[in-house]
Amino acid sequence: QRQMCIRDRFALIDMVNAFDDAFTAAKRARNAADFNDLEHFAVRLLYTDGKPSALAKTMSEQFTEIAVDEYQDTNHVQYEIANLLAAKYQNLMVVGDDDQTIYQFRGSNADNMITFAQRYAHVHQVHLEQNFRCAPGIVDVADCVIANNAYRLPKKMISGAVALQADIEANRYDDKEAEFAAIAERIEELHRAGVPYREIAILVRKGKLVAQISPALNRAGIPYEA
């Protein structure tokens, strides 16, 4: 079974490589480029024989200040471009949060953010630790959870939102059906305690979940608006 798994893995790699070759050939035939190509072409223009090109030096002299937003999601190519453009004046301002790195599947590297102060002299750091969107209870729980990450920049989030303080309850379910049934049951408990249906909301991450939750609400006879 293990050998079959290894064969399947190599077969998948071969399939991906074949697709990549075909995609590259199709782009060349159409004189087209995707976003990744544009990044790599930029680096090739900025490097000559492993050293900054004349163009890189000219551009670094042209731009005296450079800002990069969402720096925690930069990949190695974007990291190199930013460094080359900032080579002359070293005036590179980056904005980001290493705890919000979400594009690792596209090569982003939070280390670019975490080690930034070690690579640039005279760095001035401004910590934006106040959250104005969420109630204190939500911010506190999120801060406790993310604090378990071993490799991160130290920070302590606080809430600046004026909102009703509420306890947070975490539950686990065997499947979606059990989860949706529990949601309906909880709504009924709140309603029996005197909370109007119109003051109860279900927050979902994806819109398609609304249609999946609806049958459980219908079975419980709970009126709702999607």
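The structure holds eight salt bridges, a salt bridge being a side-chain nitrogen of Lys or Arg within 4 Å of a carboxyl oxygen of Asp or Glu. This is a predicted model, in which local features need pLDDT of at least 70 and side-chain atom pairs count only at pLDDT 80 or more, while totals for chains, interfaces and linings use all residues. Residues are numbered from 1 along each chain as its sequence is written, and side-chain values use heavy atoms, with hydrogens and water left out. Helices (H or I, at least four residues) and strands (E, at least two) are DSSP runs, numbered from the N terminus. Here is a friendly tour, topic by topic.

- Lys27 sits in helix α1, which covers residues 2-29.
- Its relative accessible area is 11%, so Lys27 is buried; buried means under 20% relative accessible area, exposed over 50%, and partly exposed in between (1.4 Å probe, protein chains only).
- The side chain of Lys27 meets that of Asp34 in a salt bridge, at 3.2 Å from N to O.
- Asp34 is partly exposed, with a relative accessible area of 22%.
- Lys27 also has a polar contact of 2.7 Å, side chain to side chain, with Asp37. A polar contact is a pair of N or O atoms within 3.5 Å; within protein, one must be able to donate a hydrogen and the other to accept it, and residues adjacent in sequence count only if both atoms are side-chain atoms.
- Leaving aside residues up to four places away in sequence, Lys27 touches Ala32, Ala33, Asp34 and Asp37, where contact means heavy atoms within 4.5 Å.

- Side chains of opposite charge can pair when their charged atoms come close.
- Asp99 and Arg152 form a salt bridge whose closest N and O atoms are 2.6 Å apart.
- Asp99 lies in the loop between β4 (92-94) and α5 (111-114), and Arg152 in the loop between α7 and β6, so this pair ties together parts that are 53 residues apart in sequence.
- Arg152 counts as buried, at 17% relative accessibility.
- Arg186 and Glu189 also meet through their side chains in a salt bridge (3.2 Å, N to O).
- These two residues, Arg186 and Glu189, are three residues apart in helix α8 (residues 176-192), so about one helical turn separates them.
- Arg186 is partly exposed, with a relative accessible area of 42%, and Glu189 is partly exposed too, at 32%.

**Tyr71 in the interior**

- Tyr71 is found in the loop between β3 (66-68) and α4 (76-85).
- With a relative accessible area of 0%, Tyr71 is buried.
- Not counting residues up to four places away in sequence, Tyr71 is in contact with Tyr79, Val94, Val95, Gly96, Asn112, Met113, Phe116 and Arg119.
- From Tyr71 to Thr115 the separation is 44 residues in sequence and 12 Å in space, C-alpha to C-alpha.

- Gly137, Val139 and Asp143 are buried in helix α7 (residues 136-146).
- Seen down the axis of α7, its buried residues fall within an arc of 165°, so they line one face of the helix; the arc is that of the directions from the helix axis to the C-beta atoms.
- Those buried residues of α7 pack against β5 (130-131) and β6 (158-159).
- Val145 is also in helix α7, but Val145 counts as exposed, at 54% relative accessibility.
- Ile138, Val141, Val145 and Ile168 form a nonpolar patch on the surface, with about 330 Å² of accessible area together.
- Patches are made of residues with over 30% relative accessible area and no salt bridge, with like charges joined within 9 Å and nonpolar side chains (Val, Leu, Ile, Met, Phe, Trp, Tyr) within 5 Å.
- Accessible areas come from the Shrake-Rupley method with a 1.4 Å probe, and for residues only the protein chains shown count as cover.

**Positive phi outside glycine**

- Asp49 is not a glycine, yet has a positive phi of about 55°.
- Asp49 lies in the loop between β1 (47-48) and β2 (51-52), where it counts as exposed at 76% relative accessibility.
- Gln90, in the loop between α4 and β4, has a positive phi near 60°.
- Gln90 counts as partly exposed, at 41% relative accessibility.
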